[in-house]
Amino acid sequence: MDGIIEAPSPNFDERTQPVSIIVLHYTGMEDAPSAIARLRDPASRVSSHYVIAEDGQILRLVPEEKRAWHAGRSYWRGLTGLNDHSVGIEIVNPGHEWGYRAFPDAQIGALIPLLAEIKDRYHVSRGNVVGHSDIAPTRKQDPGELFPWARLARHRLALPRPTRNLMDPNWSDSGFLLALERFGYDVSDPLAATVAFQRRFRPELVDGTVDGECRAILLALLLPRPQGDD
Ligand SMILES: [Zn+2]
């Protein structure tokens, strides 16, 4: 990719697993310079492969073949310790702590070709393009309910939110959790897992309550067609 600025971080080590997941984050810091400084500070022991500024400028902090330290304790679809399995992309946004706001068009416009290129190169499925909150629901909220997953889905870079022919399977709450685990989430904290699912697939109401719409969306995601993974 052209136009990527090299901004090396010392916070990485060796991968032991192939890349099969892409994790999207927001930086959650007051501004871009402080976020980038932290991701390059040896004392912070955090990093990512890429950072995307609000104006669309892309920085590379860690080469993809190395293991960047962005996911922390994490789980998705049977895998744990997802730094080993993933490419991490930090998207500059103050986040819920510092004034969460919409992601500018230029920023998402820069993310889309980068994500497409990485996803193709490693044959990452759409269902494995995830937010940090999906893989660490008890600890993380990023990239949050304002993140434009639908725009990514239109480019076939993420799973779309099912909207057609929704049917409530009338699962009990424990049935819902079993289905949520089957889809990929760590459900050991049921409320956190439900909130993470809502943040990703029903962001207009993130209340942790399992309702008919949540059940219907999850059922549609688990059906092989038309909204199935690839
Ligand atoms: Zn994160």
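The crossing of H6 and H8 is left-handed (the near helix is turned anticlockwise from the far one by less than a right angle). This is a predicted model, where local features need pLDDT of at least 70 and side-chain atom pairs pLDDT 80 or more, while totals for chains, interfaces and linings use all residues. Residues are numbered from 1 along each chain as written, and side-chain values use heavy atoms, without hydrogens or water.

Let's stay with that helix pair. H6 covers residues 173-183 and H8 covers residues 212-222 (helices, H or I, have at least four residues and strands, E, at least two, as DSSP runs numbered from the N terminus). The two pack at about 35°, and 10 Å separates their axes (lines fitted to C-alpha atoms over the stretch in contact, with N-to-C angles from 0 to 180 degrees). On the H6 side, the residues that meet H8 are Phe176, Ala179, Leu180, Arg182 and Phe183 (contact means heavy atoms within 4.5 Å). H8 answers with Cys214, Arg215, Leu218, Leu221 and Leu222. Sorted by class, this contact has eight nonpolar residues, two charged ones and no polar ones (Ala, Val, Leu, Ile, Met, Phe, Trp, Tyr, Cys and Pro are nonpolar, Asp, Glu, Lys and Arg charged, the rest polar, Gly among them).

Now for the metal. The zinc ion has three protein donors, namely ND1 of His25, ND1 of His132 and OD of Asp142, at 2.0 to 2.1 Å (donors are N, O and S atoms within 2.8 Å, or 3.2 Å for Na, K and Ca; water is not among the atoms, so sites may look incomplete). Along the chain, the donors are spaced as H-x106-H-x9-D. His25 sits in strand E3, whereas Asp142 is in the loop from helix H4 (132-135) to helix H5 (149-154), so this pair ties together parts 117 residues apart in sequence.

Pro143 itself belongs to the loop between H4 and H5. Another backbone detail turns up at His123, which isn't glycine but has a positive phi, near 55°. You'll find His123 in the loop between helix H3 (105-122) and E10.

The largest cavity, about 50 Å³, has Trp76, Arg126, Asp134 and Phe183 among its lining residues. Strand E10 (129-131) and helix H7 (190-201) each supply at least two. The second largest cavity is about 40 Å³, and its lining includes Asp134, Pro143 and Trp149. Here H7 gives the most, with three residues.

Note on methods:
1 Å grid on protein atoms, 1.4 Å probe; cavity = no way out; pocket = protein on both sides within 12 Å on 5 of 7 lines; lining within 4 Å. Points joined across faces, edges and corners; volume = space filled by probe spheres on them.
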